[in-house]
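Me: I'd like to learn how to read a model like this one. Can you walk me through it feature by feature?

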Amino acid sequence: MIVKMLHDKGLKSEHAYVAGFASIGLSIASWCGSMKVEPLGVSRADRWGIFVGEWAPTFFGLGLALANYERDELHTVAG
């Protein structure tokens, strides 16, 4: 199970949530930066912002999976 492996390696749900919020900020920063630097203008800036912005749901989903695993592990140890 991938979630168990990630948890055993030290990844916690909080880490995934922070990565999700950071990717939102990075998406905005990459869009703004691309708007200023890219000679192709808005279309390429939009693609960069969308590309990076798609990481956030992945990190939030991983955070939920890890949170559920952590909750189940806590109940197993306590029960």
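Me: Which residue does Lys4 meet in a salt bridge?

Reply: The general idea is that side chains of opposite charge can pair when their charged atoms come close. Here the partner of Lys4 is Asp8, with 2.7 Å from N to O. Both residues belong to helix H1 and sit four residues apart, about one turn of the helix.

Me: How does that spacing work in general?

Reply: An α-helix has 3.6 residues a turn, so residues three or four places apart point the same way.

Me: How many salt bridges does the count come to?

Reply: Two. Besides the Lys4 and Asp8 pair, there's one between Arg71 and Asp72, whose closest N and O atoms are 3.3 Å apart. Arg71 is partly exposed, at 44% relative accessibility, and Asp72 is partly exposed too, at 39%.

Me: Where in the protein chain is confidence lowest, and where is it highest?

Reply: As a rule, where pLDDT is low, the predicted coordinates should not be read in detail. In this chain, the lowest confidence is in helix H3 (residues 42-53), with a mean of 76, while helix H1 (residues 2-8) has the highest, at 94. For the protein chain as a whole the mean pLDDT is 86, and 92% of the residues reach 70 or more.

Me: Which residues of H2 are buried?

Reply: They are Ser13, Ala16, Gly20, Ser23, Ser27, Ser30 and Ser34.

Me: Let's take Ser23 from that list. Is Ser23 buried or exposed, and why?

Reply: Buried, because its relative accessibility is 3%, and the cut-off for buried is under 20%. Leaving aside neighbours within four places in sequence, Ser23 is in contact with Val52, Trp55, Ala56 and Phe59.

Me: Which residues make the nonpolar surface patch?

Reply: Leu26, Trp48, Phe51 and Trp55 make a patch of about 410 Å². Leu26 comes from helix H2 and is partly exposed, with a relative accessible area of 43%. Trp55 is also one of the contacts of Ser23.

Definitions and conventions
Residues are numbered from 1 along each chain as its sequence is written. This is a predicted model: local features need pLDDT of at least 70, side-chain atom pairs count only at pLDDT 80 or more; totals for chains, interfaces and linings use all residues. Side-chain values use heavy atoms; hydrogens and water are left out. pLDDT is the predictor's confidence in each residue, from 0 to 100. Helices (H or I, at least four residues) and strands (E, at least two) are DSSP runs, numbered from the N terminus. Buried means under 20% relative accessible area, exposed over 50%, partly exposed in between (1.4 Å probe, protein chains only). A salt bridge is a side-chain nitrogen of Lys or Arg within 4 Å of a carboxyl oxygen of Asp or Glu. Contact means heavy atoms within 4.5 Å. Patches are made of residues with over 30% relative accessible area and no salt bridge: like charges are joined within 9 Å, nonpolar side chains (Val, Leu, Ile, Met, Phe, Trp, Tyr) within 5 Å. Accessible areas come from the Shrake-Rupley method with a 1.4 Å probe; for residues, only the protein chains shown count as cover.
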